Structures are given as C-alpha cells and as structure tokens.
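Reader: I would like to learn how to read a structure like this one, feature by feature. Could you give me the general idea each time, and then the case at hand?

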Amino acid sequence: MLKKESDTQTTGLKRSLSLVQLTMISVGATLGTGIFVVLGDAVPIAGPAIWISFVIAGVAAMLSALSYAEMAGAVPVSGSSYSYTYVTMGEGLAWICGWCLLLEYAVSVAAVAVGAGEYLSEVTKAFGIDLPQALIQPPGDGGVFNVPAVVVVLLAVVLLIRGSRESAVVNTILVGLKVAVLLLFIVVAFSAFESRNLEPLAPMGLAGITAASSRLFFSYIGFDAASTAGDEAKNPQRDLPRAIVISMAAVTVLYVAVAVAAVGARPWGWFDGQESALVRILEEVTGTVWVSLIFAIGAVIAVVSIVLVTLYGQTRILMSMSRDGMIPPIFAKVSRRTHTPVANTLITGGAIAAAAGLIPLGELADATSIGTLFAFALVSISVIALRRSQPDIPRTFRVPLYPFTPILAVVMCLVLMLNLGGSTWIVFVIWMVLGASIYLAYGRRHSVVARSFQEKDTPTETKTAVDQLRL
C-alpha cells in the first residue's frame with residue numbers, strides 16, 4: 001500500500017526531482033549548520049581536537065546514512081524514517097519515530113534560523129549600521145524577538161508554496177554559493193595557519209571530544225531530507241540512495257577542512273564567547289571588511305538554504321503521517337495548482353517562525369540532536385527488521401558489512417545521546433510523553449490500521465488488512 005500511496009495520482013505531488021536536485025536537497029539541509037552556527041560553541045568543549053569531533057559525528061551519521069540509503073532504495077516513498085519504521089515495525093513505533101522527527105526538523109529549522117540574526121548583523125555592520133540586539137536575539141540571549149530568524153522562515157514558506165521544483169532550483173543555486181564561501185574561508189584561514197594552535201590537541205580529554213561530537217551531530221541531520229522527497233523524485237529507487245551517500249561524503253570533507261583551518265588560524269581559547277567566529281577570523285587575518293562581508297552574506301544564504309530544505313522535509317513527513325491517519329487530514333491536502341501542501345506549509349512554518357523568534361540557539365541545537373539520534377537508531381533497526389521479514393524484495397542499495405554496520409550505527413547513536421546534558425534529556429522525555437498522549441487520544445483511533453480493524457469482522461481478515469498496509 002505504501003508503494004501505491006506514492007503514485008502521483010494518489011498524493012497529488014509531481015515527480016520532478018533529479019539526482020542532482022536530490023543531492024542538493026541533502027547537501028542544502030546539511031552543509032553549514034555546524035560550521036556557521038554551532039562551531040563557536042563546540043570548539044571550547046573539544047579544543048583543537050574539534051576536527052576529530054566532526055569526524056566522530058560524521059562517522060555516526062554516515063553509518064546511519066547507509067541504513068537510510070538501503071531503506072530509501074527498498075521503500076522509495078516520502079516520510080523518511082517514519083515511513084521506514086511504519087513498514088518494518090508497525091504503527092506504534094512509527095508514531096514514536098515520527099514524533100522524534102517533528103522535534104528534529106521543526107526545532108532544527110528554528111535553530112538554524114536563529115543564527116541568521118548574528119550573520120545579518122555582521123552584514124549591516126559593514127555598512128555602518130548596528131542592528132538593535134532586542135530585534136536580532138531571542139529572550140535569554142539579550143533580545144526580545146529574533147526578527148531575522150522569523151523573516152528567513154517565512155521566506156522559505158513562500159518558496160515552498162510555489163512548488164517543489166522551483167524550490168529545488170533556488171536551493172541548488174544557494175548550495176553552490178555557500179560552498180564557494182566556505183572554500184574562500186579555507187583558503188584565507190590556511191594562510192594564517194600555525195601548528196602551535198593545535199597544541200594541546202585535546203585539553204578536555206576524550207570526554208570533551210565526545211561531548212562536542214554530540215553537539216556537532218546537529219550539523220549532520222540534513223542528509224535524511226532527501227529521503228523525504230520519495231514521492232517527488234523522478235527515479236527514487238536509483239537516485240535516493242546515491243544522493244544520500246554522495247551528500248554525506250561531501251559535507252564531512254568540507255566540515256573537517258573548515259574546522260582544521262579555523263583552529264589552525266586561531267588558538268582554541270579564542271573561540272570562547274565568540275559569535276560569528278568564522279567572520280571574526282577572516283577580519284583578523286585579512287585586515288579588511290569586504291572579505292568578511294562576503295562570508296557573512298554567504299552565511300545568511302546558507303541559513304536560508306538550510307531552512308528551505310529542512311522545512312520541506314518537515315512538511316513531507318507530516319503529509320505521510322496524515323495519510324496514515326496519525327494526524328488531522330489537513331496536513332495531507334495538496335493544492336491542485338501548485339502541487340504542494342499549502343495548508344501544511346503555512347501551519348508548520350508559522351509554528352516554527354514563532355519558535356525561532358523566541359527560543360535561544362543552544363537549547364534548540366541539543367534538543368534537535370537527541371531527537372535525530374533516536375530516529376536514526378530506529379532506521380538502522382528497520383534495516384535489520386526488513387532484511388528478516390522481506391529478504392527478497394528489490395534493493396537498489398545494500399548496507400555493507402551487514403549486520404555489523406547497522407548495529408554499530410545504533411550503538412554510536414546511543415553513545416552520542418548519553419553525552420547530551422540532563423536538561424536535554426528532560427526535554428526529550430517530556431516531548432515523548434506529550435507525543436504518547438496525542439497518539440493515544442487521536443492517532444491510534446484515527447489511523448488507517450485502526451479503521452481497518454473497525455471494518456473487518458474476523459481476526460483473520462483484520463490481520464490480512466494490517467499486513468497489506470506493510471510491504
């Protein structure tokens with residue numbers, strides 16, 4: 001039934017995305033978050049070994065990405081890990097996964113948008129204009145309401161309503177621009193590279209490296225955005241696995257290169273309390289404003305790109321959950337004119353814009369990481385479950401070294417989760433309790449599975465109906 005639901009006549013969506021566009025969606029949602037927004041907070045935790053933290057987080061993400069690639073090739077529909085869990089482990093765990101994805105996507109969009117204020121401030125300073133802190137920072141960070149963050153989210157909403165193909169074209173252009181500015185930073189920063197800045201390599205020890213990895217995992221969450229485009233890809237079974245693996249490899253290389261260049265150019269203690277750290281490095285190394293201005297503009301572009309594609313992924317996951325009856329049907333309605341879920345996008349974008357304007361970045365980043373890690377672990381378990389229940393279905397990509405790879409992915413996700421702070425775990429537990437309450441009050445009663453139970457008279461017929469909802 002999942003495959004049937006992916007037909008364009010059923011979903012109302014249009015298959016218009018190529019391999020390049022899918023890869024750019026994945027890169028667009030991933031590249032830039034940790035470098036532009038979180039790097040300054042993570043270096044004081046890990047010291048010069050911050051690049052090792054990026055590698056650890058990247059390995060954990062790549063292991064999960066391989067599981068995503070296999071599931072995307074075997075179950076090429078929208079919904080990402082929610083759909084994969086639904087197919088392999090049933091409605092209950094699928095709801096838990098989908099609820100984690102809401103935390104991952106919605107909060108990550110807000111978190112990245114929060115960073116827009118800092119870099120927009122750098123742009124205006126180049127022209128002698130100082131933006132009031134009250135309007136570029138949320139409460140708790142010295143402000144009242146983060147206006148730039150809200151504007152970025154609303155801009156993404158407008159682009160997404162116009163159509164997925166148009167949004168993909170804009171995203172591809174934005175990705176190209178932000179890769180260019182990151183390469184500019186690498187070249188300039190390496191011109192001031194000093195090996196002594198890398199000593200001592202790990203002043204906080206292994207604990208600091210792993211703690212920074214847990215925070216930096218936030219930087220890798222975007223790759224699964226490609227898997228939410230299963231209903232709009234031209235050839236999802238072939239292109240989705242390729243897009244996921246290519247994007248992860250490219251992003252990891254760039255992250256490590258920028259991190260090494262940054263800590264090589266400045267002592268690790270210099271990063272403590274620095275906002276827009278990369279812009280400051282460029283200003284100090286070059287002694288000019290125009291280079292940092294170009295980079296700050298590129299950072300704003302990066303933020304817009306990430307918000308655009310992550311919000312896209314969020315709306316497609318909500319569509320899948322709505323089609324399964326887990327949430328109200330308004331989230332699955334698609335405009336006949338634009339072939340996009342307009343109401344879904346407006347509701348989601350409005351809620352995220354409010355969060356971006358009011359909640360500080362640090363709290364958002366950690367909350368995103370824990371929800372992401374949990375969802376990634378479920379996808380790796382889904383690979384094992386599907387291999388056992390459906391060993392003969394066509395798979396365009398297979399996880400190497402099975403079952404070692406998916407098991408290791410689960411272990412690494414759990415280790416990184418345990419390194420997150422107690423307050424983050426409290427938020428996560430509260431979020432899960434809230435999700436369970438909504439599921440019991442609405443989702444379980446209105447789901448497709450629940451309706452099939454109500455329509456069947458005998459247990460055998462009911463079981464058959466439930467089986468048909470899965471592969």
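Reader: Is glutamate 283 buried, partly exposed or exposed, and at what relative accessibility?

Author: Before the answer, a word on the source: this is a predicted model, in which local features need pLDDT of at least 70 and side-chain atom pairs count only at pLDDT 80 or more, while totals for chains, interfaces and linings use all residues. Residues are numbered from 1 along each chain as its sequence is written, and side-chain values use heavy atoms, with hydrogens and water left out. As for the terms, buried means under 20% relative accessible area, exposed means over 50%, and partly exposed lies in between (1.4 Å probe, protein chains only). Glutamate 283 has 27% relative accessibility and therefore counts as partly exposed, whereas arginine 280, at 18%, counts as buried.

Reader: With which residue does arginine 280 form a salt bridge, and where do the two partners lie?

Author: Side chains of opposite charge can pair when their charged atoms come close. The term salt bridge is used for a side-chain nitrogen of Lys or Arg within 4 Å of a carboxyl oxygen of Asp or Glu. Here arginine 280 pairs with glutamate 283, and the closest N and O atoms are 2.7 Å apart. Both residues belong to helix H13 (residues 277-286), where they are 3 residues apart, about one turn of the helix. Helices are DSSP runs (H or I, at least four residues), strands are DSSP runs too (E, at least two), and both are numbered from the N terminus. The buried residues of H13 are Ala277, Leu278, Val279, Arg280, Ile281 and Leu282, and the helix is followed by glycine 287, whose phi is positive, near 70 degrees.

Reader: At what angle do helices H14 and H15 pack, and how far apart are their axes?

Author: Two packed helices are described by the angle between their axes and the distance between the axes. The axes are lines fitted to C-alpha atoms, for helices over the stretch in contact, and the angles run from 0 to 180 degrees between N-to-C directions. Helix H14 (residues 289-323) and helix H15 (residues 342-358) pack at about 125 degrees, with their axes 10 Å apart. H14 and H15 are therefore oblique to each other, given that angles under 35 degrees count as roughly parallel, over 145 as roughly antiparallel, 65 to 115 as roughly perpendicular and the rest as oblique.

Reader: Which residues of H14 and H15 meet?

Author: Contact means heavy atoms within 4.5 Å. By that criterion, Leu311, Gln314, Thr315, Leu318 and Met319 in H14 meet Asn344, Thr345, Thr348, Gly349 and Ile352 in H15.

Reader: What does the secondary structure of the whole protein chain come to?

Author: The protein chain has 20 helices and 0 strands, and buried residues make up 59% of its 471 residues.
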